[in-house]
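I opened my notebook to record, entry by entry, what I looked up in this structure. I wanted to begin with the chain as a whole and then turn to single residues.

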Amino acid sequence: MGISEALGRVDADLERGHTYLAQQRLAGLIAAHPSDLTLRARRAAVHRRVGDRVQAGRWGFLTEDVTAAELAAFERAYRSPAVRLRALRLAGDPWRELSPEARDRYLTLTAAAKAETPAGEGEMSTLGCLGVFLGLLAVTTVVAVGLWTSIAYLIGLVL
């Protein structure tokens, strides 16, 4: 199914008042086309229609028609800039296609997310990997010795 056919189904769903189904169709389209800003604007509009300011702010973040109330609701629900950036579910760097206002919002968010995350966070150091390895080795040794002792004890009972 192409984008235009799926959007036709979204429109039909909305005419029948099936906003949840329209949201699901748009979610699938955005998953397949994460950098398509028109799909994000449509999803924001559906969330706006049902009064969900958080999701309207999330999906409208990169659009021109997002309101300050929606952005504030999105920021309250997703407190960390890094979490907000991940919640946008972007593939690639869409900043060239954005309006100047949306571009400023996006660049401010990415800068805040970078400033929030210390360099190297999320990466395990060599010392950390060595510690995990030694811990697993110790646990494996204890299990092996315990198993060997149990078997030797059972054999001693039988003989």
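**Entry 1: the whole chain**

I began with burial and found that buried residues make up 30% of the 159 residues in the chain. I noted beside this that the model is a predicted one. Next I looked up the secondary structure, and the chain has eight helices and zero strands. For overall shape I read that the radius of gyration is 26 Å, whereas a compact globule of 159 residues would have one near 15 Å. The C-alpha atoms fill a box of roughly 80 × 40 × 30 Å along the principal axes. I also wrote down the accessible surface, which comes to about 10200 Å², with 62% of it belonging to carbon and sulfur atoms.

**Entry 2: salt bridges**

How many salt bridges does the structure hold? I found seven. I reminded myself that side chains of opposite charge can pair when their charged atoms come close.

The side chains of Arg25 and Asp13 meet in one of these, at 2.5 Å from N to O. This pair links distant parts of the chain, since Arg25 is in helix H2 (residues 19-32) and Asp13 is in helix H1 (residues 3-15), 12 residues apart. Arg25 counts as partly exposed because its relative accessibility is 26%, whereas Asp13 counts as buried because its value is 0%. I then saw that Asp13, Arg16 and Arg25 are linked in a network of salt bridges.

The side chains of Arg48 and Glu70 also meet in a salt bridge, at 2.6 Å from N to O. Here Arg48 in helix H3 is joined to Glu70 in helix H5 (residues 68-77), 22 residues apart.

Arg105 forms a salt bridge with Glu101, their closest N and O atoms being 3.5 Å apart. These two are four residues apart in helix H7 (residues 100-116), so about one helical turn separates them.

I looked up Arg43, whose place is in helix H3 (residues 37-49). Leaving aside residues up to four places away in sequence, Arg43 touches Gln23, Leu26, Ala27, Ile30 and Trp59.

**Entry 3: a nonpolar patch**

Last, I noted a nonpolar surface patch of about 930 Å², whose members include Leu147, Tyr153 and Leu159. Leu147 lies in helix H8 (residues 126-158), and Leu147 counts as exposed because its relative accessible area is 52%.

Methods: Residues numbered from 1 in each chain as written. Predicted model: local features only at pLDDT ≥ 70, side-chain atom pairs only at ≥ 80, totals over all residues. Heavy atoms only, no water. Contact = heavy atoms within 4.5 Å. Patch = residues over 30% accessible without salt bridge, like charges linked within 9 Å, V, L, I, M, F, W, Y side chains within 5 Å. Areas by Shrake-Rupley, 256 points an atom, 1.4 Å probe, with all protein chains shown as cover. Salt bridge = Lys/Arg side-chain N within 4 Å of Asp/Glu carboxyl O. Buried < 20%, exposed > 50% of the residue type's maximum accessible area, 1.4 Å probe, protein only. Rg over C-alpha atoms; globule rule 2.2 N^0.38 Å.
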